[in-house]
Every structure is written in C-alpha cells, then in structure tokens.
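The stops below are given in the order in which to select them.

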Amino acid sequence: MIKQALILALLLCFTMNNAQQVIPLYDGKVPNSKQIVGLKDTTAVFPSGNKTIHFVLRVSSPELTIFLPEKSKATGIGVIICPGGGYSGLAIDHEGYDIAKKLNEKGIAGFVLKYRLPNAEFVNNKEFVPLQDAQRAIQLVRENAKKWGVNPNKIGIEGNSAGGHLAATAGTHYQKILIDNPLKTSLRPDFMVLNYPVISMADSLTHMGSRYNLIGEGLSPNELKAVMSDWKTSEQKLTNLPVAEEKIKEYSNELQVTSETPPVFITHAVDDNVVKVQNSILFIAALQKNKIPVESFFYAKGGHGYGMDNSTSDVEWIDSCMNWILKINK
C-alpha cells in the first residue's frame, strides 16, 4: 500500500508539473471589448465523422494556453496556434490543443491562442480584434521567452482555415501595430505555418463567412446570426452583401507579401470545397515572387477541416512541417 501511495504521489506530481498553464492575454481591461456584465464564453459540440468537434462560439476573455515540451527535448522553438472557425468560432481541440501536443513531441513549445471573434455585439472595431490578439500573443511569448524556455528569435505562428488567415495577417501586417508596445518588442513572427488557410478576400476565392465576419458591414449581429445559422445556404446569401473594396484589398494577404515576409510552410487539400486551394496557390506565388522561402504540402483529397489527421492519407502533413520548422531554426 505504501509503494502504491508513493507511485500515485509521483504521478500526481508529474501531472501537476506538466499541466498546461492558461494565462489571460491582457492585464486588466481588454482593448476594444465592450464592457458587458456577466459575459462568458459559450461552446458547442458538433459531430464530425467518428469524432466530435468542440467549438468555442464566443470568447469573453482572450487567453493563451501554454504547452511546454519536456526540458530534455526542448529545442527553444515556440509556435503560437490559431484555431479556425470562419471567424465565428474556434475549433479549439483538433486545430489547437492537439497540434500543440504534437509539436511538444519534437521539443517545440505550443501556445494555443483563444482569440476574440469579430462580433460587433461584443467588440468595437471588429476587424482589428483578431489581429490585436495575435500581436499580443507574439509580444507576450517574446517578452516571457526566457521563462518558458523559448528563443525569442524562434517564434512562429500557425493557423488553420480562418485561423490561417489570421496567422497570414500577423505575418504580413506586423508593421500595423494595434497594441500598446512600450518595449518596442518585434511583432513579426519568425515563420508561418498555414493549414488550409483563407488567404484572399476576393469574391471568386474567399470563404464568404470569414470575409463578412471580419470586414462586412450592414447586418446587425442578430441578422448575421440568422444568416449563419444554416451553413449550407449562408455562403450564397453572404455573396450578395457588399464589402468595401479597400478592405477586401487590405485583408487579401496575397497582395500584402513583401521581401520582409517570414518563411512559410503551407498545406491544403486540392478537393477542399470550403476554402479553395487557390488561396494557398496564390500565396505561394506571391511568396516566390518576393523570394520568400516557402514549402508546400498538398493532399489530393481530404476536404476541409481535418486538422492534423487527413483520413484519406497515411501521411500526416504535420510531420513534414515539424521537420521544416526544425530545419529553418537550426
């Protein structure tokens, strides 16, 4: 009994030492958030094949969940992870926590960003809010790099679907500073990983739900909620709603690539009928034109939203991606 108790105590100690730390993104007042008493996160569960997807529908307080690898494996590399969800929610498990745990296996720290959604009911200046939170995450990880065993010059950002748009925006709009930055900390990610990303806001390419949620105007929050309630018809309905041309250009990230854009790993399924693969192809072309290192990984099949595990293939993109991350951060 004493031996069993000792083993249990050691296991409990190990679990506590390796528990993920969850920290608020901001100290005190959250910028651009409306002050609504009693506002809380809301979540939903959706069936997807033989598993369920946990979906955060409202983010009241943005957070960072920290997954650190075992010290013996640690490489000093960190990746901020942005789950997707059409800028209307966050697929926090398979596009967030699961990816962080996988990165830990290779000694890479993962920081899952629970960013605020551009919902005018809860935030001001909705188009700025996701990027504001991504910039704050980069700032927070850089300024605490020593504490978390990370090299401040080896911090990348990963995004999936609309989270891929956010990650690409962080990598192409980093000079547009949306947060207080008294230490003048660099907000440029050192590399980007984009998984079936929304890149363009152009009519023929974009995911209409992501575009309207981020930069669309005209519908009240309740009207938008009614349109988005049926995802099968929402894309066509949103196609007919006007969006300012200057915002379409500004948030079409294939148009924002420069010679200073960070290196990119990008992956997509060719048969994706939610976010067209041309989003990734256009971004690759823009990167190559500006001589930015880019590595791509395309599946013939797989559709959209598979996270790390494409059931149509025995090969996982994340393995090639981690090798790429380790290679460029030597």
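The tour goes from a helix to the core, then to salt bridges and single residues.

This is a predicted model, in which local features need pLDDT of at least 70 and side-chain atom pairs count only at pLDDT 80 or more, while totals for chains, interfaces and linings use all residues. Residues are numbered from 1 along each chain as its sequence is written, and side-chain values use heavy atoms, with hydrogens and water left out.

**Stop 1: helix α10**

Select residues 317–328, which form helix α10. Helices (H or I, at least four residues) and strands (E, at least two) are DSSP runs, numbered from the N terminus. The expected span of a helix is 1.5 Å times one less than its number of residues.

Next, colour Trp317, Ile318, Cys321, Met322, Trp324 and Ile325, which are buried in α10. They lie on the same side of α10 because they cover an arc of only 160° around the axis; the arc is that of the directions from the helix axis to the C-beta atoms. Buried means under 20% relative accessible area, exposed over 50%, and partly exposed in between (1.4 Å probe, protein chains only).

Show the elements against which the buried residues of α10 pack: β5 (78–82), α2 (93–105), β8 (155–160), β9 (192–195), β10 (264–269) and β11 (294–299).

**Stop 2: Trp317 and the core**

Which residues have the most contacts inside the largest nonpolar core? They are Phe283 and Trp317, in a core of 85 residues. A nonpolar core is a set of buried Ala, Val, Leu, Ile, Met, Phe, Trp, Tyr and Cys residues joined through side-chain atoms within 4.5 Å.

Centre on Trp317. Leaving aside residues up to four places away in sequence, Trp317 touches, among others, Glu158, Val193, Phe265, Phe297 and Tyr306. Contact here means heavy atoms within 4.5 Å.

**Stop 3: salt bridges**

A search of the whole structure finds 11 salt bridges, each a side-chain nitrogen of Lys or Arg within 4 Å of a carboxyl oxygen of Asp or Glu.

- Select Asp41 and Lys114, whose closest N and O atoms are 2.5 Å apart. This pair links distant parts of the chain, 73 residues apart: Asp41 is in the loop between β1 (21–24) and β2 (42–48), and Lys114 is in strand β7 (residues 109–114). Asp41 is partly exposed at 29% relative accessibility, whereas Lys114 is buried at 12%.
- Select Lys102 and Glu105, with closest N and O atoms 3.7 Å apart. Both lie in helix α2, 3 residues apart, about one turn of the helix. Lys102 is buried at 18%; Glu105 is partly exposed at 48%.
- Select Asp203 and Arg211, which meet at 2.6 Å, N to O. Asp203 is exposed at 53%, and Arg211 is buried at 3%.

**Stop 4: positive phi**

Most residues other than glycine have a negative phi. Select Asn125, which is not a glycine but has a positive phi of about 45°. Asn125 sits in the loop between β7 and α3 (129–143) and is partly exposed at 48%.

Move to Tyr196, where phi is also positive, about 35°. Is Tyr196 buried or exposed? Tyr196 is buried, with a relative accessible area of 0%, in the loop between β9 and α5 (208–215).
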